[in-house]
Amino acid sequence: MILVGRHPVLMGDAKSPLCIFCEIIARRSPAHIVYEDEACVAFLDLFPFTRGHLLLVPRHHIDRLTDLPESEYPGFLRALSHICQRVERLSRHYNVSANQGELAGQIVFHLHFHLIPRYGEANPFRTHPRERLDEVDAQEVVRILAAP
Ligand code: AMP
Ligand code: ZN
């Protein structure tokens with residue numbers, strides 16, 4: 001069964017305009033933030049595929065990459081590359097991906113890039129149930145990734 005449709009709390013919709021990533025950016029919801037600049041924020045995914053799974057989001061709310069104004073390309077790409085360098089503290093092998101649209105697996109409709117460190121999983125593209133972020137280990141991961 002393919003589940004599609006926006007989750008009313010996570011993604012916001014006409015009835016519930018709340019966006020969880022906007023809430024995190026505004027510091028109204030907790031998150032393990034490892035990087036921020038004037039354009040972007042990066043924080044640990046709450047249900048990581050692997051240790052150090054990060055999300056990089058623009059500060060202002062847009063659904064998807066094609067909504068990003070061209071003037072913001074350089075700042076966003078600079079931040080993405082910078083975050084990649086930090087991810088390499090954990091592993092030189094990682095995925096950078098962005099799900100665009102419900103049928104592509106997007107469940108939070110605030111543009112985000114996943115950065116997923118890889119440590120030798122047999123099949124990185126096979127999805128599997130994910131555990132919630134381990135809060136104790138998250139402190140250590142933040143210590144590694146948040147250092148400038
Ligand atoms: P996507 O399927 O590309 O829309 O991915 C959305 C990601 O956001 C998923 O990997 C979720 O685990 C993650 N996520 C949802 N809510 C939170 C949250 N409050 N803090 C951190 N990550 C979250
Ligand atoms: Zn948002």
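Here are a few friendly notes on this predicted model.

1. Conventions: residues are numbered from 1 along each chain as its sequence is written, while chains are lettered from A and ligands numbered from 1 in the order in which they are written. As the model is predicted, local features need pLDDT of at least 70 and side-chain atom pairs count only at pLDDT 80 or more, whereas totals for chains, interfaces and linings use all residues.

2. The protein chain has three helices and five strands, in the order α-β-β-β-α-β-β-α from the N terminus. Helices (H or I, at least four residues) and strands (E, at least two) are DSSP runs, numbered from the N terminus.

3. Of its 148 residues, 24% are buried, meaning 20 or more other C-beta atoms within 10 Å of a residue's own, with C-beta atoms placed from the backbone (exposed: 12 or fewer; partly exposed: in between).

4. Leaving out residues up to four places away in sequence, Val-57 touches Phe-21, Ile-25, Cys-40, Val-41, His-110, Leu-111 and His-112; contact here means C-beta atoms, placed from the backbone, within 7 Å.

5. One backbone detail to look at: Arg-27 has a positive phi, near 65 degrees, though it is not glycine. Arg-27 sits in the loop between α1 and β1 (33-36) and is exposed, with 9 other C-beta atoms within 10 Å.

Terms used
Two residues are in contact if their C-beta atoms, placed from the backbone, lie within 7 Å.
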